[in-house]
Amino acid sequence: MTAPLMADALELVGTVARVLNAGLPAEDTLTSVADAIRRGLSVPAVAIWRRDASAGTFSVVASPPRFGSVRTLEEIEPGPERLLVPLVHGGVRLGLFEIATGPSSPPGEVVTILQHLVSPFLDALTLAEDLALEVASRSREILEQRRFTSLVIDSLPVGIYVIDRDYRIQFWNRKRETGTQGLRREQVVGRPVFEVLTRQAPEQLKADFDLVFDSGEVQVRDTVVELGSSRRVFRLSRIPMRLDGGATITHVVTVGEDVTEARDTQAHVIRSEKLAAVGQLAAGVMHEINNPLATIAACSAAIEDRLEETVDPTVREYLEIIDKEVQRCTRIVDGLLEFSRPHSVGGPRAAIGLTVLIERTLFLLKHHKRFKKLEVTTELAPRELKVKATAEQLIQVLMAIMLNAVDAMREGGALRVRSRFDEDRGDAVIEIVDSGHGIPPTELGKIFDPFYTTKPAGQGTGLGLAIAFGIMQEHEGRIEVESEVGRGSTFRVILPGTMSEGR
């Protein structure tokens, strides 16, 4: 190579090196390199083909910008006026030079030097693009996984929120947004939990969280929430969380689940089991008890018939006590018999108007001594409101509830009896409202248990409401109770019903 050619070659190599190190965007760099080689070698055109990492194909930049027709790498063939120089680095084919030589070819030494300059650049460029592609792919996977996890958490039928050591909310799932408070996550995330959850005193709420932070144990408790006229039971589970698997508890996860229906179902199951157990007991022993009771009653009557007029009055008093106690035992046994076989009492079921049932019940009770002290009012639906039932059994249910109301208002009070049709559920509803002393919340769940009573000893068996409960189950109905101590109770007798079109 002559001295002038050597100088031109060094200048070209220097120019290309400066372009490669200028920090221009990849496309601009390769375009400038192709243009510098074209001018430095004094050839008609130069193209640089390189592998496209994202597409897995080869792309081309050229000087001048349009070098011949647009082709694929496979279509390029060497020719007398076209030089193809592979660009290989580390044994990997990264692209090639396509040089339109014209009548004379450029010096091979210069082309080789250019090849060694551009190949590492293409390798670094490809590596960077491959890395960027991998990062983008991993980022998409992470985002998709986060989105999937978020959707799973938001789809759960439980409310979830997370607080940190500063008692600030860091997570708030969709159920919490649509739950009892209905606050969106952007309204609460980052705020102190005491500003958001105001139903509980801040001191108690802090103590609950501190117990988890200090003990590292899961804490579970049930809480009752008043929602308008209804009451819901939520099970709150507070779970310790440790970031990065460390020993220090960094967050507390709170999971709130509405267990109202589950609690009610469990209570019904337990009550039904109790009813069944007492029924079996009654069926097994009632005849055995009735026989000696009948014998005692007969002997007492026989003794009384044989007493002389001058007998000690105390003896007659004792006989009266025996007779009363035998009658009381007989009533208890009869109640057990009725309780163990509620379906055997009464006649076949037929359509009967609720107004007729209520009026017959009130007629039977109007001669009750304490009933006369009450102010009784009725708000009854038309006679067209009917249920399919055994009339005697439903009267027994209504009498049991009304007699309890009478006992709750020993000094007088107000008793309201209402009937209506629940169009949403298709149910007939009888409401019996008293102004008595009410039932404490702790006792409300026991009132349908066999033998449970708040009456003084000797004044009640505790079977009236239990029998009423069994009768309602037989009729595919239910009894609901609301009560407030000092203000009275409301019993609702609910049955599948119909209302005629002519009401």
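At what angle do helix 2 and helix 3 pack, and how far apart are their axes? In this predicted model, helix 2 (residues 26-41) and helix 3 (residues 108-155) pack at an angle of about 175°, and their axes are 12 Å apart. Angles over 145 degrees count as roughly antiparallel, so helix 2 is roughly antiparallel to helix 3. The protein chain as a whole has 13 helices and 16 strands.

**The chain overall**

- The protein chain has 503 residues, and 36% of them are buried.
- Take the contacts in the protein chain between residues at least 6 apart in sequence: 59% of these join residues at least 24 apart.

**Helix 2 against helix 3**

- Two packed helices are described by the angle between their axes and by the distance between the axes.
- From helix 2, the contact is made by Ala26, Thr29, Leu30, Val33, Ile37 and Leu41.
- From helix 3, the residues in the contact are Val110, Leu114, Val118, Phe121, Leu122 and Leu125.
- Sorted by type, the residues of this contact between helix 2 and helix 3 are eleven nonpolar, one polar and no charged.

**Aromatic rings**

- How many aromatic pairs does a search of the whole structure find? The search finds four.
- A pair of aromatic rings is described by the distance of the centres and the angle of the planes.
- Tyrosine 167 is in the loop between strand 5 (159-164) and strand 6 (169-172), while phenylalanine 194 is in helix 6 (residues 193-196). The two residues are 27 residues apart, and their pair links distant parts of the chain.
- Tyrosine 167 is buried, because its relative accessible area is 15% and the cut-off for buried is under 20%.
- Phenylalanine 194 has 24% relative accessibility, so it counts as partly exposed.
- In another pair, phenylalanine 448 and phenylalanine 469 have ring centres 5.4 Å apart and planes at 40°, so this pair is tilted.
- Phenylalanine 448 lies in the loop between helix 12 (441-444) and helix 13 (464-474), and phenylalanine 469 lies in helix 13. They are 21 residues apart, and this pair too links distant parts of the chain.
- Phenylalanine 448 is buried at 5% relative accessibility, and phenylalanine 469 is buried at 6%.
- Tyr167, Phe194 and Phe213 form one aromatic cluster.
- A charge also sits over a ring: the charged end of arginine 238 is over the ring of phenylalanine 209, 4.8 Å from the ring centre.

**Positive phi values**

- Most residues other than glycine have a negative phi.
- Serine 42 is a residue other than glycine with a positive phi, near 55°.
- Serine 42 lies in the loop between helix 2 and strand 1 (45-52).
- Is serine 42 buried or exposed? At 64% relative accessibility, serine 42 counts as exposed.
- Tyrosine 167 is not a glycine either, and its phi is positive at about 65°.

- Serine 300 is in helix 8 (residues 260-306). Its relative accessibility is 5%, so serine 300 counts as buried.
- Not counting residues up to four places away in sequence, serine 300 touches Leu319 and Ile322.
- Valine 433 is in strand 14 (residues 427-434). Valine 433 is buried, with 8% relative accessible area.
- Which residues is valine 433 in contact with, leaving aside its neighbours within four places in sequence? They are Ala414, Leu415, Arg416, Arg418, Ser489 and Thr490.
- Valine 433 and glutamate 482 are 49 residues apart along the chain, and their C-alpha atoms are separated by 9.5 Å.
- Leucine 236 is in strand 8 (residues 230-241). At 14% relative accessibility, leucine 236 counts as buried.
- Apart from neighbours within four places in sequence, leucine 236 is in contact with Gln219, Val220, Arg221, Thr223, Val255 and Gly256.
- One of these contacts, glutamine 219, is 17 residues from leucine 236 in sequence and 8.0 Å away in space, C-alpha to C-alpha.

Definitions and conventions
Residues numbered from 1 in each chain as written. Predicted model: local features only at pLDDT ≥ 70, side-chain atom pairs only at ≥ 80, totals over all residues. Heavy atoms only, no water. Axes fitted to C-alpha atoms, helices over the stretch in contact; angles between N-to-C directions. Helix = DSSP H or I, 4+ residues; strand = E, 2+ residues; numbered from the N terminus. Parallel < 35°, antiparallel > 145°, perpendicular 65-115°, else oblique. Contact = heavy atoms within 4.5 Å. Nonpolar A, V, L, I, M, F, W, Y, C, P; charged D, E, K, R; others polar. Phe/Tyr/Trp six-rings, centres within 6.5 Å; stacked < 30°, edge-to-face > 60°. Buried < 20%, exposed > 50% of the residue type's maximum accessible area, 1.4 Å probe, protein only. Lys NZ or Arg CZ within 6 Å of the ring centre and 35° of its normal.
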